[in-house]
Amino acid sequence: MPHEPGLRESVDARWPAGFLLALPSLAVFVGVGFIPLALIATWSFWSFDPDTYWIKPAWSFASYAALFENGRATVFLRTAGLAALTATASTLLAVPAAGLIGLLSGPRRAALLLALFTIPFFTSGLVRAFAWRLVLGRQGIINNALMSLGIVVTPVEWLLFSDFAVLLGMVAAYLPFAIVPIVLAFARIEHSVIRASQDLGAGFWTVFATIVLPLVLPGIVAGFLFVFVVAVGTSMEIQLLGGAGASSISIMINDVLRVVNFPLAFAIATVVITLLTVLIIIANRALRLSRLFESLGI
Amino acid sequence: MAHSIGNGFPPGVFSQLTRRQLVQNGVFGAGALAVGSLGLPRAARALDEINFWATGTLDIGDDGWRTFAYDSGVKVEFTDNGNDPGPVVAKLAAGNANDIYDVAGLQGGSEKELARRGLIAPWDISQIQNYASVWQWAKDIPYLTHDGKAYGIPTVINADSIIAIRDKAGSVDSYGAIFDPKLKGKTAMEDAWINSVIFTAIYLKNSENAKIAEPGNLTADELGLVMEFLIKHKRDRQFRTFWNGWEQGLQLLANQEVWVMTGWEPIVYAARMRGVDCYYAVPREGYEGWANNTILLKSAVVRGRTKAAHQLVNALFSGFYGCKLGLLRGYVVPTDNNVAYATAHANAFDPAGVRKLADHVKQKFAGKIYWQNTRPDNFQLYETWWQRLRNA
Amino acid sequence: MSSPAAIALDRVTKVYDKPVVSDISLEVPEGSFVTVLGPSGSGKSTILQMIGGFLQPTAGRILFAGTDMTALPPNKRPCNTIFQDLGLFPHMTVAENVAYGLKVRGVDPATRRKCTTEMLAIVALEGYERRRIHQLSGGQRQRVALARALVLDPAVLLLDEPLTGLDERLRQQLRGEISRLHRRLGATILAVTHNQDEALSLSDRIIVLRAGRIEQIGTPREVFERPANAFVARFVGFDAILKPERVDSGIADWHARVAGRDIRCEPPVSRDPAHDYVLVLRPERIRIADPKERSDLGPLTVISTAYKGRDVEVESRLVDGQALKFLISADPGVAVPASGSSIEIVWEPMKPLLLPDALVEP
């Protein structure tokens, strides 16, 4: 192959140019994302100073040991479990909903349906969660209906201030987070692909299992992760709809900050962020979310 | 932080005012600026301006502050600090609150901590002439001073107990109702150890003869006793829920989700307006007294705002503020100047009503009072126990 | 009696707001290659989708080897479609794509592998088994789609605009490929296209469709040389059309009178009393007569000329006002007439066709 000096030079020249172009976004990433996280992680190894009510650079793992005391580890597990349950329920509801929006309706109706799903976001989350108290409460709509229909004599107590109420409130609040990425994934499926599958002998469920599901899987995973991450961070639904003193990681962080135990708060935050980052990286690797973009090349 | 205020400009009122207004404007929107610069008629003397960062219930509204400025010569820019002492302390310590505000108001107890960290400065009582009129028992609140200096000025005081729905809970005169098995699943407490732990301690001390010296400042053992008691009742599903904030507390009563709960007196008035026949119980164990104290931020001293800050606090006790706050929120400023002011301004305020409110609070404080304390000595231990309660 | 056709449409109609396919009957004999040729909107794609089972006819029956399968869903029909945009599965490898239909049918893995390998060899894609679709060229993708359908040995292979959207070189290559597969595998193929070249080069039989109705069924040669009417004629390239003043039938030739000249024509294939006749000619078969030559038609006034690469298009007008466009060679040796000049034209030894004028209606 003949030597092409011009080409070589341009390849070499592209390196520093590309690097320079990437610098601003790199700076933003480091400044906004990495540096605060690094500080939080560092301070989580410092100690609380009761004389100054502040932290001092006395290195210690005490805050991490404290994560396993007083049921704090339980809060982690409960929060993760609740978030996983919320994400699972949201995803299970979002797949058929997104399927209707993405596959069966035209683009205009799809936009309308999608907008309908996002309308709840125009009210504050606090108001939405609060509204559930009026629906699920002892004198709420559901109990009133049940009692006037003679199905129950006394109000059903577990409807409100229970894990059920929390789950319902969270699914209602975060369902759109699952629907949007799944709708996008559905929208990427070419009709001809589904037709081809039918044409080659696949019935409805075979088409769904072998074609639709694998193709929307990255969207489903993205939707699950969106809901999971938001649900891990929420406190509103738990405080408004949960039972006495119901907890979550963010409620615990607030409790801890209220008594200025900064190292412990930072340790909790560090663990949460680390675990979520690892989770997202694993999900991205395992399910190759980038495949979404490859398939656009067809 | 205070040193960076001039940003290289020579220190002076003008540059500081401008800067503060810019910060306010940027942080809190144009509204604050409009109130400060447009709404105020020119008074004969130059007005001192104070950025007052306090519990939202201390706000007397735009026209209230306008009259306040006429009377006192202090123009107040009020900002709600959210009331929760934890975040307020954090913003003073690690945030920019000390750059923006001159005077803050928050539930008492954190003065010692703030003073020790050099975030607040002591008041010079001699510069607050009206302080002489403050009711003695309010001046005697234990944690107003640190190292013999006055750091907290009790601006609003009240005594809290329990709210009960008459036809459901009957006549309640003890915190024991909260833990009464007959009311299982029909009671609630606040989702905050600051109030719920002291209520329980008051109950155990007085009705179950528990060895508790000071319910507002429990030792580790006392705290364990109180918390085990709470944990047991939580496990027994005694509590319907724990509530956070005004609306949630009110909704619990208004929709009769609970029949008895510890709570704030104004919730009773609001629930009555919603047609719920409830009352504020007079507990035989005594009330939880609390004070919302005014503190002087260190940076205000550095900026030369000390005199104006004292002028502000003095004006809070001069009568108008007490009358206005009582009218707006039913809260009491602990001075007889309120009654005097209302009598002198009978066209604006009802002297009998002002007196009645003052007497009502005085009446509560005539009995047993245990002072709320947002920073008990073992405050971090309170949190770990609260965490155990959450997980029980 | 011969065996029943691989596919037969029996008076099939499809109506949306208005009829898209009207009362169509056709047959695709076993082993043949039939092309439905028509402009866009003629209903050819609808026909293909009804055969494939993706659309239900409003009326009529669709029979596969004599069995009525009108009501069956796509996955129950003994045919496979190569869609215009192929519909390859992006999340599968080439081999998985080809084996898909076999897997759905429950064929065991060993057989699946064997059939897939064989079929990939037939479409010359050995060694591409593990590639993903996005790693293939356009032509390779077409061949995967062919292999994926053919591996199922369908009674009928349906091709939807098989060569549309490909560049010329690829088009020629694939045309050969399809033709070769058809001969080698003896597959029955029904293709729809709007491209006459495609239809002519591949098909045993062409069905010309217009607005949901069949205009002509015939071999490529029949359709190309003896179009049934002016619509078909124009569609297969008889773009020079003249309206005669009068038509006289004859024994060998018919005679038509155009602009005062008597023109010898081929007799019409079909007599259609509902329509007048028109004369149609292939524009490239017309040339300008030498002054001393006997012309077939003239005089004409040259309106304009336009250079078209291989040809020059001449726009001219007859003395009776009719316009006529034709092509002359763009060779440097052939003189281009000046605008406004008067010319005479020759088409001998060809004779114009005399056809029912079906351009206006329906």
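Across the interface of chain C and chain A in this predicted model, nine residue pairs are found in polar contact, with both partners at pLDDT 80 or more.

Chain C brings 27 residues to the contact and chain A brings 22 residues, while the area buried between the two chains is about 2,100 Å², with carbon and sulfur atoms giving 62% of it. Of the area that chain C buries against chain A, 26% is supplied by C:Asn75, C:His91 and C:Tyr100, which is more than any other three residues supply.

Domain 1 of chain B consists of 11–157 + 290–370, and domain 2 of chain B consists of 159–288 + 377–391. In the contact between them, eleven residues come from domain 1 and 18 residues from domain 2. The centres of the two domains, taken over C-alpha atoms, are separated by 29 Å.

The area buried between domain 1 and domain 2 of chain B is about 1,200 Å², and carbon and sulfur atoms account for 52% of that area. On the domain 1 side, B:Trp290, B:Lys364 and B:Tyr370 together supply 56% of the area buried against domain 2, more than any other three residues. One of these, B:Lys364, also takes part in a salt bridge, in which its side chain meets that of B:Glu265 at 2.4 Å, N to O. Between the two domains of chain B the count is two salt bridges, and nine residue pairs, both members at pLDDT 80 or more, are in polar contact across the interface.

Turning to secondary structure, the elements that give two or more residues to the side of domain 1 touching domain 2 are α17 (351–366) and β13 (369–371) of chain B. The largest share of that side, three residues, comes from α17(B). By residue class, the side of domain 1 of chain B that touches domain 2 comprises six nonpolar residues, one polar residue and four charged residues.

Methods:
Residues numbered from 1 in each chain as written. Chains lettered and ligands numbered in written order. Predicted model: local features only at pLDDT ≥ 70, side-chain atom pairs only at ≥ 80, totals over all residues. Heavy atoms only, no water. Domains from an automatic or database assignment. Contact = heavy atoms within 4.5 Å. Buried area = accessible area lost by both parts, 1.4 Å probe. Salt bridge = Lys/Arg side-chain N within 4 Å of Asp/Glu carboxyl O. Polar contact = N/O pair within 3.5 Å; in protein donor to acceptor, adjacent residues only side chain to side chain. Helix = DSSP H or I, 4+ residues; strand = E, 2+ residues; numbered from the N terminus. Nonpolar A, V, L, I, M, F, W, Y, C, P; charged D, E, K, R; others polar.
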